[in-house]
Amino acid sequence: MSDFIQLLVSGVALGCLYGLVALSFVIVLRATGVFNILQGGVVLFAPYLVYAFHVQKGLPFVVALLIAIVICMAAALLIDRAVFRPIARRAGGHGQFFAVLMVAMGLLTASEAVVIAIWGSQPLSMDDPWGLAKVSVGSVSLTDRDLSVIGITLVLLAAFWYLLQRTTIGVAMRAVASDQEAARVQGINPAVVSGVAWVCATVAAVLAGVMLGTEVGGGINSTIDQVSFLALPALIIGGGGSVFGCVAGGVLLGILQTLAAGYAPSSFGAGFGEFVPWVAMILLLVVRPSGLFGSGELRRA
Amino acid sequence: MDTTVAPVDMVSNPPAKKPDHDRMIRQEMRLTRSWWSRIAILAYVVAALVIPLELTDSLWLSLLTSGAVYGMGALGINVLNGYAGHASLGQAFFVSAGAFVAVQTGDKWGWPLPLWLLAAAVVGGALGALVVPLAMRLRGIYEIILTLGLVYIGTYIFTNWTSLTGGSTGVPAQMKLSLGFIDFGHMIIGGELYTYEQGVLMLSMLLVGLCVLIVCNVMRSRTGRAIVASRDGALAVEILGASPTRTKLATYVMSGALAGLCGAMLAAQLQYVNEDQFNLQLSVQFIVMMIVGGAATAWGPVIGALIVSALPLYITTYASDIPFVKQPTDSGFGIMPGQLSLVVYGLLLAVFLVLQPSGLVGLAKSVSALVGRVVRRSRSAAASEG
């Protein structure tokens with residue numbers, strides 16, 4: 001039983017990371033109408049930047065984290081304005097989202113190469129910012145890292161919830177998401193909304209990347225951005241539409257993956273954990289095509 | 001009351017002459033539409049027979065063969081994306097299925113050439129058909145996520161199905177390339193023996209030509225026109241009576257079958273198949289090929305495949321002359337040759353999608369149109385002067 005609880009908690013922690021990455025996709029998708037996987041590049045660069053400022057330059061961890069957030073934000077906004085806006089404008093119609101996605105994937109693969117060129121291909125270790133000490137509750141021992149991942153995700157979600165539900169810009173973001181033209185008629189500036197969305201998305205992606213970089217045994221390596229693909233089923237499981245649906249989808253993914261990896265007999269072979277979420281996604285599509293929390297959004301985008 | 005209608009006198013009062021639509025449709029649907037296309041087909045077949053026999057340089061042989069083999073897969077993604085407007089990252093999955101089916105049937109069971117090629121295409125097409133019910137429920141980015149899932153699912157299945165795939169060590173692929181009167185693996189023509197590589201090149205050039213012809217003609221058929229039209233206006237096509245399920249089914253089956261063929265010929269070319277060749281990177285490569293060559297054009301994907309599949313080879317050959325490229329042993333800042341091709345794929349995608357979305361074929365078309373205009377203008381200028 002205590003095994004189960006341990007697996008469950010680390011599953012929820014992994015799921016929180018998936019959820020954060022999926023969240024950063026959905027926020028941009030809702031605000032701009034265009035899906036952009038280059039957030040995976042932020043997930044990749046963030047831990048390396050924190051490593052550069054925290055370990056190499058010796059700045060405090062929080063300062064390094066803030067610097068990483070600012071740099072990633074500036075880069076994301078710059079790339080969005082310089083590359084993706086022109087593409088979206090030129091391509092138009094059915095080709096638009098595909099063109100943006102393909103260019104983003106191209107830049108994502110290129111950024112893996114850039115990271116290796118700068119920091120080398122060996123995994124790096126960040127000094128353990130969250131602590132790896134174990135917390136024991138009865139017979140269950142949990143790592144501090146898992147608990148801090150869950151905690152940070154909850155805090156971030158609460159902040160996003162407040163932003164979206166209680167502030168003017170949040171209302172504007174929701175208005176743009178539900179009907180861009182009507183929002184424009186009401187005097188909402190889509191450029192401001194998409195800028196705020198990029199900022200939120202970048203914060204989520206940076207935190208997800210840094211927390212992934214501290215994973216036990218994994219360390220910072222050039223394949224961290226693969227999580228941006230593994231997190232994608234969360235969009236379908238969560239129903240695609242809602243911000244909180246996709247976090248819930250992500251948590252579900254994490255739990256499924258961890259439990260599957262933990263309980264599968266060795267005869268199931270390697271990679272069973274990563275395989276299960278995709279199968280779950282397909283089964284869900286058969287049973288409930290609109291996702292767990294969805295409302296037909298999947299067919300629209 | 002007299003309600004009978006007088007019969008129309010058809011002889012002295014014929015109905016107005018309408019254009020003969022049936023004849024026009026038959027004309028449009030013919031396998032070859034003009035003498036030019038027949039001559040071009042003939043010329044291609046001659047080239048496919050002669051070039052492999054004349055070429056002995058192994059580098060060029062492998063370049064052309066890769067172009068032709070990957071071209072089939074790129075044609076598949078072109079049907080799915082270029083013509084039908086569906087986005088897919090799953091091409092690598094269908095290619096791997098084709099490769100392993102070819103190994104199983106052609107090598108282990110010893111089936112003859114036409115049968116294992118057919119088996120690979122049929123299995124690829126059947127897997128494509130399996131995806132349709134799921135793909136019908138998703139659009140846009142969500143359809144991409146689904147097809148991306150295929151790659152991950154395929155990786156798990158093929159890594160662990162060791163009796164079929166050899167797991168992480170891979171499996172040798174020694175298929176029979178004999179067609180009865182000619183053995184592509186051991187060609188003897190006019191008393192002269194040609195190498196395996198030359199035979200595979202001839203076979204893959206003939207196959208990719210056939211694929212281009214088939215795709216072109218299917219796209220001119222009723223189903224093909226429905227496929228293209230539903231890309232541009234799905235609702236309108238549905239109203240006109242074309243079933244969206246059926247057009248999507250045709251698209252996925254064709255794309256999967258082409259990918260299966262590509263996988264089978266890839267196995268024949270390399271004589272070895274390993275699961276880790278078929279990753280997301282390969283799927284993206286097919287898309288790069290299609291975009292660089294020209295989406296929704298007949299030859300574009302094959303031309304793109306020729307260029308893109310040659311890239312890694314050129315980069316490793318000329319690595320020392322390219323700035324910022326370092327050897328794996330060097331230290332300091334620099335990109336490894338193996339990584340550079342990834343960067344170049346990314347840049348090619350970005351540059352073509354932004355500056356030349358219609359690809360090289362589109363570029364060639366607009367250049368020839370420009371040349372034509374200049375020639376006409378100078379002619380008319382000369383005429384007005386004279």
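**View 1. The largest nonpolar core of the predicted model**. In this predicted model, the largest nonpolar core comprises 211 residues, and those with the most contacts inside it are Leu17(A), Val21(A), Ala22(A), Ala46(A) and Leu101(A), together with Leu261(B) from the other chain named here. Helix α1 of chain A, which runs over residues 2–32, provides the largest share of this core, with 17 residues.

**View 2. The surroundings of Leu101(A)**. Leu101(A), listed among the residues with the most contacts inside the largest nonpolar core, is shown here with its partners, leaving aside neighbours within four places in sequence. On chain A it is in contact with Phe35(A) and Ile37(A), and on chain B with Ile141(B) and Ile144(B).

**View 3. Helix α8 of chain A**. This helix spans residues 190–213, 24 residues in total, and reaches 34 Å from its first C-alpha to its last, close to the 34 Å expected at 1.5 Å a residue. Because 18 of the 24 residues of α8(A) are buried, the helix is largely enclosed by the rest of the structure.

**View 4. The side of chain B that touches chain A**. Here 38 residues of chain B are in contact with 44 residues of chain A. The elements of chain B that give two or more residues to this side are α6 (140–160), α12 (280–293) and α14 (337–355), of which α6(B) gives the most, with 13 residues. By class, this side of chain B has 26 nonpolar, nine polar and three charged residues. As to confidence, the model scores ipTM 0.84 and pTM 0.87, while the mean pLDDT of chain B is 85, with 89% of its residues reaching 70 or more.

Terms used. Residues numbered from 1 in each chain as written. Chains lettered and ligands numbered in written order. Predicted model: local features only at pLDDT ≥ 70, side-chain atom pairs only at ≥ 80, totals over all residues. Core = buried A, V, L, I, M, F, W, Y, C linked by C-beta atoms within 7 Å. Buried ≥ 20, exposed ≤ 12 C-beta atoms within 10 Å, placed from the backbone. Helix = DSSP H or I, 4+ residues; strand = E, 2+ residues; numbered from the N terminus. Contact = placed C-beta atoms within 7 Å. Expected span 1.5 Å × (residues − 1). Nonpolar A, V, L, I, M, F, W, Y, C, P; charged D, E, K, R; others polar. pLDDT = per-residue confidence, 0-100.
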